[in-house]
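Subject: Structure handover

Hello,

Here is the structure for you to look over. My notes come after it.

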Amino acid sequence: MSDSIRLSSVAINCANAAELAAFYADITGGQVTFADPAWATVNGPGGRIDFQTVADYTPPTWPEPTSPVQMHLDFYVDGDEGGKADAA
């Protein structure tokens, strides 16, 4: 196994990269460092998340399996339940 390979970021397909990046920057305290119609990047305290606009994107319909969840992100939230409500 190589010590020279490290995870750079996670890329998430979505309907609007800039809009979703702004949401995640807000809830994580991160900053949108790049945004255009096709791609956006958030650098946050815990790492980097990239967002890619996909034509005809179909969001997951969990728990209904028509369009299954393909991934999800877990965040630690310090303090009260307020942060959890902001992310919901």
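First, the ground rules. This is a predicted model, with local features needing pLDDT of at least 70 and side-chain atom pairs counted only at pLDDT 80 or more, while totals for chains, interfaces and linings use all residues. Residues are numbered from 1 along each chain as its sequence is written, and side-chain values use heavy atoms, with hydrogens and water left out.

Aromatic pairs

There are 2 aromatic pairs in the structure. Rings of Phe, Tyr and Trp (its six-membered ring) pair if their centres lie within 6.5 Å; planes under 30 degrees apart count as stacked, over 60 as edge-to-face and the rest as tilted. F23 and Y24 are edge-to-face, because their planes stand at 85 degrees, with the ring centres 5.1 Å apart. Y24 also pairs with F51, and this pair is stacked: the centres are 5.6 Å apart and the planes 20 degrees. Y24 sits in helix 1 (residues 17-28) and F51 in strand 4 (residues 47-53), so the pair ties together parts 27 residues apart in sequence. Helices (H or I, at least four residues) and strands (E, at least two) are DSSP runs, numbered from the N terminus. F23, Y24 and F51 make up one aromatic cluster.

How exposed are these rings? Buried means under 20% relative accessible area, exposed over 50%, partly exposed in between (1.4 Å probe, protein chains only). F23 is partly exposed at 31%. Y24 is buried at 16%. F51 is buried at 0%.

Nonpolar core

A nonpolar core is a set of buried Ala, Val, Leu, Ile, Met, Phe, Trp, Tyr and Cys residues joined through side-chain atoms within 4.5 Å. The largest one has 10 residues, among them Y24 and F51. Strand 1 (10-14), helix 1, strand 3 (39-44) and strand 4 each supply at least two of its residues. Helix 1 gives the largest share, 4 residues. C14 is also in this core. Leaving aside neighbours within four places in sequence, C14 is in contact (heavy atoms within 4.5 Å) with L20, F51, Q52, T53, V54 and Y57.

D50

D50 is in strand 4. D50 is buried, at 1% relative accessibility. Its side chain makes a polar contact of 2.6 Å with the side chain of T41. A polar contact is a pair of N or O atoms within 3.5 Å; within protein, one must be able to donate a hydrogen and the other to accept it, and residues adjacent in sequence count only if both atoms are side-chain atoms.

Best wishes
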